Amino acid sequence: MIINVNDFCKSENASLGIEKAIAACSAGDTLSFPKGDCHFYREYSPSETIHMTNTDSFRFPDKHFAMLLKNKSNLTIDGGGAVFNIHGDMCALGLLNCKNITLKNFTVRYPSPSNIEFKVCEASGNSVIYQLSASEFKTDGKSITFFEKSPFSNTEYFSFTGNQMTDCWVCHDDDEVYRVWNQNSPLSRVKTINRLTDNIIEIKYYFKPDLKRGAVYTISPNHSRHTSGIFFSGSSNIKSENITVNYLAGFGWLSQMCENLSFDGIRFQPAAGHSVSSFADGIHICGCKGRVTIKNCLFSHLHDDGINIHGAFLRTKKTLNVNTAVFEFVHNQQGGYEPFFAGDKVKFYNRKDLSLIGENAVKSVQNDINNKCVTLEFEEPLPPLKVGMSVIENVSYNPEVVISDCAFKAIPTRGILCTTDKRAEIFNNSFEHIQMACIYISCDCKEWYESGPCRNVEIHNNTFYNKDYALCVEPIALDRVHEGVHQNIRFYSNALADTSKAVKATGVKNLLNNENREL
């Protein structure tokens with residue numbers, strides 16, 4: 001049965017009826033949108049207290065969703081070519097504990113994105129004239145504050161001043177996209193700021209700035225990731241097809257603790273007149289199992305990695321008895337979700353060198369979400385674990401991965417990060433204007449705590465217009481990593497702009513690097 005959104009709400013403010021439209025859907029139904037602009041507003045949108053990994057979720061646990069599906073099964077969301085305009089720095093779409101969902105045929109756009117763009121129009125001496133992407137800002141002549149206001153209440157959806165919440169800027173010089181540190185940014189060494197029109201400003205500096213005419217310098221409150229732009233949690237068999245992302249707020253497209261995900265025809269590309277397609281990552285997969293397929297996708301002008309697939313290392317906090325121990329999330333952007341279930345298979349690693357300590361199976365789980373801890377009882381006695389010096393990985397939630405026929409371009413970091421002990425194949429992709437390694441395989445028990453050791457990776461028939469290494473394998477431990485952290489990585493039949501930077505690798509056993517050619 002087709003459920004027509006227009007029977008429940010108007011496109012001018014779909015937030016007023018979208019919850020009723022979703023509630024009316026039963027198994028087998030399609031929720032259908034008409035082609036054209038469809039608007040969602042934060043103050044009329046549902047909220048949930050929920051944690052999203054790789055964000056500052058413990059500082060911002062309450063999330064708003066333009067569209068939220070909970071405990072739904074066997075549904076299709078067909079945008080019909082609609083453009084979902086998200087007003088407010090919130091999550092555009094959430095799936096919580098859903099099964100067999102297809103999402104297709106729509107565009108996600110934020111009319112007032114939290115990345116503000118400064119285009120260098122004119123420069124003369126110590127003065128620069130900029131065209132800004134936003135007209136919602138104010139200046140006192142010394143500093144500048146950006147915001148988005150509700151058209152209903154006149155309150156601010158978001159607000160930030162100058163470089164106060166910014167770790168770094170990103171410069172978009174056509175397809176050359178790279179990070180710029182605050183001290184070299186358009187808001188450094190400012191003498192005066194003068195607003196000339198709605199979106200034109202003149203900044204006078206104490207010293208002549210080193211800024212390129214025509215380039216676009218972008219600022220965002222990237223010190224604070226308070227949400228993800230699209231979010232899947234605890235869901236299975238989710239298909240995403242023919243979706244354009246003009247922008248995602250807060251982080252990117254995040255999936256955690258899900259099973260069987262496919263992405264086909266996803267295009268991260270900025271809207272006309274804009275330069276940024278995502279606040280941070282493109283597709284981010286954490287702690288998922290089954291199969292992850294990403295094909296025929298475009299990742300361009302993001303502000304962090306195109307694809308990042310990993311698990312999570314939890315550090316040993318204390319041992320309670322021979323079969324039971326407490327483990328903790330360590331990084332401030334991790335935790336808040338259930339990382340283990342009874343029956344899951346796990347592995348333990350030494351943080352000193354990432355050597356394997358032992359394996360086991362989970363018998364029972366007690367979660368302490370607020371304290372970012374979990375108590376696990378195991379089927380067998382624990383291996384020797386040192387508090388603070390060993391980590392655990394849930395290998396039942398490592399996916400098989402296929403990434404093919406995708407284009408990665410104009411990214412200031414990496415194209416693909418992928419760590420899983422299941423089979424991973426990356427082929428028929430192109431990488432262009434990537435500032436760091438095109439493909440990066442880590443396994444980190446020191447900084448980000450993103451697991452885990454790979455056992456079967458094939459990277460072939462890709463095209464790398466590489467500046468840095470096409471493939472960088474770099475496990476991160478407290479000391480020197482041992483040789484076999486990763487095993488059986490094959491890099492072959494690829495075309496590279498610089499074959500001298502084909503592969504850089506440490507901690508790999510059975511690394512194949514041959515039959516690659518220069519472009």
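Predicted model: local features only at pLDDT ≥ 70, side-chain atom pairs only at ≥ 80, totals over all residues.
Biologist: Which strand pairs with β18 over four bridges?

Modeller: Strand β9, residues 116–124, does so, in the antiparallel sense. There, lysine 119 has valine 216 of β18 as its bridge partner.

Biologist: Are the two faces of β18 covered or open?

Modeller: Both are covered in strand β18, which spans residues 216–219. Val216 and Thr218 are buried on one side, and Tyr217 and Ile219 are buried on the other.

Biologist: Which strands pair in the parallel sense with β20?

Modeller: Strand β8 (residues 99–109) pairs with strand β20 (residues 236–245) over eight bridges. Valine 108 has valine 245 in β20 as its bridge partner. β20 also pairs over eight bridges with strand β22, residues 259–268. In that pairing, isoleucine 243 stands opposite isoleucine 266.

Biologist: How should I read a nonpolar core?

Modeller: In soluble globular proteins, nonpolar side chains tend to be buried together. Here the largest nonpolar core has 93 residues. Phe33, Phe40, Ile294 and Phe299 touch the most other members. Apart from this core lies another, of 25 residues, including Leu132, Ala134, Ile203 and Tyr205.

Biologist: What is phenylalanine 40 in contact with, leaving aside its neighbours within four places in sequence?

Modeller: Phenylalanine 40 is in contact with several residues, among them Phe33, Ala66, Met67, Phe84 and Ile86. Ser15, Asn85 and His87 are also in contact with phenylalanine 40.

Biologist: Which residues form a nonpolar patch on the surface?

Modeller: Leu16, Tyr44 and Phe152 form one, with about 310 Å² of accessible area together. Phenylalanine 152 is in the loop between β12 (144–149) and β13 (156–161).

Biologist: Why does phenylalanine 152 count as partly exposed?

Modeller: Phenylalanine 152 counts as partly exposed because its relative accessible area is 44%, and the class covers values between 20% and 50%.

Biologist: How should I read a salt bridge?

Modeller: Side chains of opposite charge can pair when their charged atoms come close. The count for this model is 15 salt bridges. In one of them, lysine 70 pairs with glutamate 48, and the closest N and O atoms are 2.9 Å apart. This pair links distant parts of the chain, with lysine 70 in strand β5 (residues 62–70) and glutamate 48 in strand β4 (residues 47–49), 22 residues apart. Lysine 70 is partly exposed at 40% relative accessibility, and glutamate 48 is partly exposed at 23%.

Biologist: What does arginine 291 meet in a salt bridge?

Modeller: The side chain of arginine 291 meets that of glutamate 400, at 2.9 Å from N to O. Arginine 291 lies in strand β24 (residues 289–295) and glutamate 400 in strand β33 (residues 400–404), 109 residues apart. Arginine 291 is partly exposed, at 37%, and so is glutamate 400, at 27%.

Biologist: Is aspartate 421 buried or exposed?

Modeller: Aspartate 421 is buried, with a relative accessible area of 17%. Its side chain meets that of lysine 422 in a salt bridge of 3.2 Å, N to O. Lysine 422 is partly exposed, at 29%.

Biologist: Which residues are linked in a network of salt bridges?

Modeller: Arg423, Glu425, Glu458 and Arg490 are linked in such a network.

Conventions:
Residues numbered from 1 in each chain as written. Heavy atoms only, no water. Patch = residues over 30% accessible without salt bridge, like charges linked within 9 Å, V, L, I, M, F, W, Y side chains within 5 Å. Areas by Shrake-Rupley, 256 points an atom, 1.4 Å probe, with all protein chains shown as cover. Salt bridge = Lys/Arg side-chain N within 4 Å of Asp/Glu carboxyl O. Buried < 20%, exposed > 50% of the residue type's maximum accessible area, 1.4 Å probe, protein only. Core = buried A, V, L, I, M, F, W, Y, C linked by side-chain atoms within 4.5 Å. Contact = heavy atoms within 4.5 Å. Pairing = 2+ DSSP bridges.
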